[in-house]
Each structure stands twice: as C-alpha cells, then as structure tokens.
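Hi everyone, thanks for coming.

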Amino acid sequence: MPLGQRVRFDDVRKSFNGVESGPYLDVAARGLLFEGGRAALMAHLDDAARGTTDKAALFASVEETRGLFAALIRATPDEITFTRNVTDGIAAFGAGLDWKVGDGVLLCEELEHPANIYPWFGLARRFGLAIKTIAPVDGALAADRIVEAIEPSTRVIAVSSVSFAPGFRFAVAQLGAECRRRGILLLVDAAQSIGVIETDVGAWQADAIAVSTQKGLLSTYGLGMLYVRREVAEALTPVYISRFGVDVTGHEASRGDPASFECAPGARRFDLGNYNYPAILAVEQALRLLLDIGPAAIESRVLGLASSFADRMLDLGLPVFGGRPGQHSSHIVTIGRDLGEDHDATGDPALVSLYRHLVAGGVRLTIRRNLLRFSFHLYNDESDIMTVAELVEQWRRSARS
Ligand SMILES: Cc1ncc(COP(=O)(O)O)c(C=O)c1O
C-alpha cells in the first residue's frame, strides 16, 4: 500500500475511540461509532435539550444523507428511502409488490439472516406465495445454483451480498445479470457488506438493496436505508401512504386533496413521517468519511487485512472456515470446522476456550453458528492481527502445558 494511503488510514484510526481498548474485530455485529458522527449526535441532543432545534437544518441533513448514500452505491437520491432496519426495508419492498397466488420467491434459508427470511414467509402466508429454498454447499451459495432453481413462477430472488456466517461473498453481479435478462426482481441484503465492500448498483443490477447503519456505516442502531431501482419503485405501492411519501408542493403538512394523492418519485414513496434525525445526523458524517477515503481504497485495505489475518490463523494451525483466502473471501473471517444451527453459540469446547481467552485479552469478536467470527473495517490495522496472533500462541502454549 502506498505510504500516503497508509498514513491516511493511521489518521482515520484515531477518529474511532473504540480501537484503544484492544482489537475491535466485530463490525459484523456492529461497527465502532465514528467520532464525527458522535459529535453531530451530541450537538443534536444539546439542541433538543436547549430548545434550539432547527427543523429546516434537519430536513437538509435528511436530503444530504440520502444523496451521500446514493453516491456511495452509485444510485440517484430518488432511489433511496429511509427505513428502521434491514428487515423493514425488505418488508417494505416485498409488501409493495402486486403479488398473485403462486408467485415464487427463491432464497437460501440456511445462509440468510432472519431479516431476509421472515418478511417473505409473512408475505407467503398473506398472498399464497411459493417459497423455494436453495441449499448451500460448504457454507457457500453459487449463483449458478440459484439460476438452476428458477421456475417460470419465480418473481423475486433474495440473497445477501456477504453472509453473516461464514462470511462468504456472493457473486451478486453474476446473478443480477441473469435476473435482469429474465425479468426477475433481485433483492440484496447488503447489511454485512455496506461501507466495507464496494457497492455499485449498476454492476450488481439489483432491484432493491436493504442496509442498516450500525455495521459498516459506523453509526447507530435504529436506521436503515433501502435502494429501489427507480423504474421498479414506480411500479410499487407502499403499504403505508404518508405525508413524506406523496408528491406535494409547499409545506409537507399543507392541506391538499388527500383523496387524489400521487406517490412521490422513486423510492421516496416509502418515506413516512418524521425521520430518525439523530441516527441520520450520525450516518451523514460517516458517509462523508467513507466517500472521502473512497470505497475502492477501503475495500482493498480491509480485504487485505482480513486476508493476512486468515493466512496467519491458518499458519497457527487454526481451522479457518473455507481455507486459504480466495474468491469467496470478505472482511469476515470465521474459525471452526462446521457451520452450525445455533445463531450465537458453539458446542466445540476448544472454540469456547479460545473465545474466552481472546475476550479476556481485550479482543471483541462474536460466536456465530458454531464459528468464531472476526470482522474488519477501516479502523483496523496490522497491530490488531498481531495481538490476536500472540493471544492464540499463548492459548496454544497454555493448552499444551
Ligand atoms: C445479513 C444480515 N441481515 C440483516 C441483519 C440485521 O437485520 P435488522 O437490521 O433488520 O435487524 C444482520 C445482522 O444484524 C445481518 O447480518
């Protein structure tokens, strides 16, 4: 990595207080809050306490944030709406479609997060949809397997860009091209990749992308964003029609003729009432940071760190799930031999013992589906890898003695 870039990332690391208390390797659960976002949030709370809230400035931030997120994924602002979380985005998109009994949805129950499962089963119960689930092979889902499972009734395919465990990347663009060719809608749960791995809606050819802001977007819980391709969005009818989701001129609360409402352009039709301003203010700053450094530079830095971490762990004799880094690799590295059923537990005593040793040594990580999950972002550096490697060596020595 050029020296200039390295210095840049060293500086960025200083704007995340959480790095000081040991390796933070848990963006797959939640990222560290960016100091710039925290300052914006604190200023907002001060205003609320003092009675100096400026509503026009809040609206300006909402639009600014919409534009910044659109820029991050190479979409247009009209293709972005604000949601509460990933589930909300997926559910809003799904519920806006005009389903017919027997329409099909393809997904992989074994790998998807519940956020990308329950909304579809809910719709299936209401509208008589047929859900077909595809089995992964060794924790991975090949786009070809999904394509082979397509039936004439398939309307929607729902996938994750990176699975929460074992953290493998999915070939979204490959599937996207096939979906577009066949007129099937592709929804991507990008909860794990957003902010870390580049997203280009044009290259992905996705119709909808749902994210939340507490992971790679370095902000708080309680806010999500949903991209819907403009042409697709304009054929959808939101379940809730609201003052910010309709096309009005003048003040949003001004009395028009509600009976003849028109939906707002694109995904804006999914906007509801007042926004989650505190969370928007925080993510606005984080988005500025991500765009300033550049999504490509972040991806290359973070994937480089994750890959050298995986190699180091393998060299230390640990079973990295999926083996040496390759096409499947993301910023998430998992350790263990089998992908289990339990969301946040492992029955392997050696993994439990290693987990406890690492946590006692100040490492922040998560157990997911029988695996130890380590996940990287732009605030990590080589010193985090060294610390974990030293703790692993220590653990192995103590296990032998
Ligand atoms: C792949 C994936 N989707 C969704 C979520 C979260 O969904 P929600 O924001 O609806 O809680 C997570 C993790 O929290 C995840 O890993």
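Let me start with a definition: on a 1 Å grid over the protein atoms alone, a pocket is an open set of points with protein on both sides within 12 Å along at least five of seven lines, a cavity is a set where a 1.4 Å probe fits but cannot get out, and lining residues have an atom within 4 Å of a point. Points are joined across faces, edges and corners, and a volume is the space filled by probe spheres set on them.

What we have here is a predicted model, where local features need pLDDT of at least 70 and side-chain atom pairs count only at pLDDT 80 or more, while totals for chains, interfaces and linings use all residues. Residues are numbered from 1 along each chain as its sequence is written, and side-chain values use heavy atoms, leaving out hydrogens and water.

So, the largest pocket: it holds about 410 Å³ of space. Its lining has 20 residues, with F82, R84, D88, F270 and L272 nearest the centre. Two elements, β1 (80-83) and α4 (86-95), each give two or more residues to that lining. Which element gives the most to the lining of the largest pocket? That is α4, with four residues. These elements are DSSP runs numbered from the N terminus: helices are H or I with at least four residues, strands E with at least two.

On to the cavity. The structure holds one of 30 Å³ or more, and the largest cavity has a volume of about 60 Å³. Among the residues lining it are L72, I73, I194, P295 and I298. Here α3 (55-73) and α11 (295-315) are the elements giving two or more residues.

Staying with helix α3, look at T65. Is T65 buried or exposed? T65 is buried, because its relative accessible area is 0%, and buried means under 20%, with a 1.4 Å probe and protein chains only. T65 touches F82, I280, V283, E284 and L287, leaving aside residues up to four places away in sequence; touching means heavy atoms within 4.5 Å.

Finally, the ligand. Residues around it include N85, H113, F164 and S212, each with a heavy atom within 4 Å of it. Some polar contacts, meaning pairs of N or O atoms within 3.5 Å, stand out for a tour like this. A polar side-chain atom of D189 is 2.6 Å from a ligand nitrogen. A ligand oxygen lies 2.7 Å from a side-chain N or O atom of K215, and a polar backbone atom of V86 is 3.0 Å from an oxygen of the ligand.

How values were computed: Buried < 20%, exposed > 50% of the residue type's maximum accessible area, 1.4 Å probe, protein only. Polar contact = N/O pair within 3.5 Å; in protein donor to acceptor, adjacent residues only side chain to side chain.
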